[in-house]
Structure formats: C-alpha cells, structure tokens
Amino acid sequence: MAKRVAIGNNKGGAKKSTTAVRLAEALAKRGQRVGVLDLDPQGNASRRLGWTEDPDSPSLTTSEAIEANAEGVAAQVWQPIGWQAEYADRITLMPARYTLEDRATEAGQRGAWRRLAKALRGADDHLDYVLIDCPPSLGHLTQMGLAAAHFALASTEPEYDSVEAAVRYRDFVAASGEDLGNPDLRFIGIVVSGYDMRVGAHVGQLGGVRELFGDSLWGVVPRRALVANADEYAEPLSQMADSHEVRAVFELLAERFEKEVSPA
Ligand SMILES: Nc1ncnc2c1ncn2[C@@H]1O[C@H](COP(=O)(O)OP(=O)(O)OP(=O)(O)O)[C@@H](O)[C@H]1O
Ligand SMILES: [Mg+2]
C-alpha cells in the first residue's frame, strides 16, 4: 500500500492544490512513484497536471471510484498526466470534475465515509505515495480523504484567516481519527506558501505559524509569479524560466516529506 497524505486547510486559496502538484513533481524527480488523488470537485490539480477529457468519451474519475462502493475499484481510475517531462510517467492521476460534488450529498448513506478507503484498497500498491488534494472544507469529501489517509499535511497562506483555518484542520484531524475508523491518522506538518517578506502581515503570520506549529513547519514557499503561471499553463516547474529557487524549495519539502512519510 502507498503511504497516503491528505493535504488540507479549511479555507479556499490556501495553496493546497499547488502544494499537492509541486510536491508530486519534486517527489517524482527524486524517483518516487506518486499518485495525485483529486478530491476537490473544482478539479484544479487535475487541470494543472495537464489532464483533459474527451467529452465524447468521459473518463472514470474520483467520483465514480467513490460511487461504486466496491473494494479496490480505484485501480481502474488512475490515468497518465499531460505534462511533457522525463519524470511525468512517475506521476499518476485520479482526476476530479464537478460531478464529485454529488458524492457529498451521499454522506448520510451507510458507510459513506469509508467509500474512498474501500475503493483504494489494493489499488495503490504500485505507488510509493498518494497525495490527496482536499477541498477547502472539513465536510464529507475531506472526511472520506482523512478516513483513507495515513497522514495529514496542511498548507496555508501567511494570512490570519488561512492560518486559523489550518489550525482548524490540524485540530479536526487530531479529534476525528477514531470517528473516521482511522485511529492512527496523524497530522505531520504544514507548508506556508505565497510568502512575501515585504508584507508586514506575512512576516507576523509566519511568526505565528512558528509558534503554533513549532517543528511541524516544513518550509516556506515564496510568492513568485512563475508558480502561478506554471499552474495557469498546466506546466511542470522544470519548464518555467528562472524557476531554480522555487524548485529548490520544493526539493527540500520533498526531502522532508520522505523523512516523515516512509513508504510501506
Ligand atoms: N508560491 C506562490 N506564489 C504565487 N502564487 C501562488 C503560489 N502558490 C500558489 N499560487 C497561486 O495561488 C492560487 C491559489 O492556490 P491553490 O489553487 O493551490 O489554492 P487551494 O488551496 O488549492 O485553493 P482551493 O481552496 O480553491 O482549492 C493559485 O492561482 C496558485 O497558482
Ligand atoms: Mg485546491
């Protein structure tokens, strides 16, 4: 079984999808086989990884994997990503589209919270890690992700509402493992992303994150236009000009990730 890490924050725009996609890129460059599981009906991680869908022949997505309510069915859903990079074939995607929202309405059905874990059983043995890109909520979709995960990682902007929402995510994880049938679930870290040292609030909030999370702060990704552009154009960072500094930051984050999350 791959080690699964749910990347979350109870606020939108907290850089969750960027963290998932760029960590996947850095890990794949280091030789790891990584699955990105898009658990957000917005499907941002899927698009940024270059995934496109033929409307005449719709793909299986995370939504169908959950809906099937069957052991191991997720094995049929992994798909190649669209990037042109020599390490791209080490990243595999479980894509999402807006129809994933329909699964949220099934929360009251018997055993609904464990349907993703059930779908993944035996379906990620060919991978080292699975990064689960959660939606900006602590609702049913995120709870399914946490029920399936071994670890939880937060990402946050260095701004008050985002940091507060990261604390909510951390505390929710700590309080919910038992309820989600996953008592070993553990919060392992936080990444601050979009940091601009010229913004007083960012400097203050980074200090706050250090106090609140201590050694669980894995690193700080600076605010750089090229990161937003890479996401916008669905490109790997390795194809963006002047990306050396940012790639080095994600490389360090990937090293820390490997230390905290050893493969099974
Ligand atoms: N280091 C960075 N510098 C500049 N822009 C960034 C950086 N990291 C991410 N961004 C941009 O910030 C925006 C928000 O990031 P992202 O979509 O990853 O957040 P999110 O938490 O996944 O949002 P949502 O809650 O909607 O899923 C995106 O446009 C992304 O490209
Ligand atoms: Mg997102």
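**Sheet, helices and cores in a predicted model**

The model is predicted.

**Sheet**

- The sheet is open and has eight strands, ordered S3-S4-S2-S5-S1-S6-S7-S8, with mixed pairing.
- Strand S3 (79–80) and strand S8 (217–222) are the edge strands, each pairing on one side only.
- Five bridges join strand S1 (residues 3–8) to strand S5 (residues 129–133), and the two pair in the parallel sense.
- Within this pairing, Ala6 has Ile132 of S5 as its bridge partner.

**Nonpolar cores**

- The largest nonpolar core holds 46 residues, of which Leu39 and Tyr169 touch the most other members.
- At least two residues of this core come from each of helix H3 (62–68), helix H5 (115–120), S5, helix H6 (140–148), S6, H7, S7 and H8.
- Another core, of 40 residues, lies apart from it and includes Ala88, Leu131, Leu226 and Met240.
- In soluble globular proteins, nonpolar side chains tend to be buried together.

**Contacts of Tyr169**

- With neighbours within four places in sequence left aside, Tyr169 is in contact with Ala6, Ile7, Gly8, Asn9 and Asn10, among others.
- Further contacts of Tyr169 include Leu138, Thr142 and Leu146, as well as Ala152, Leu153, Ala154 and Phe187.

Notes: Residues numbered from 1 in each chain as written. Chains lettered and ligands numbered in written order. Predicted model: local features only at pLDDT ≥ 70, side-chain atom pairs only at ≥ 80, totals over all residues. Heavy atoms only, no water. Pairing = 2+ DSSP bridges. Helix = DSSP H or I, 4+ residues; strand = E, 2+ residues; numbered from the N terminus. Core = buried A, V, L, I, M, F, W, Y, C linked by side-chain atoms within 4.5 Å. Buried < 20%, exposed > 50% of the residue type's maximum accessible area, 1.4 Å probe, protein only. Contact = heavy atoms within 4.5 Å.
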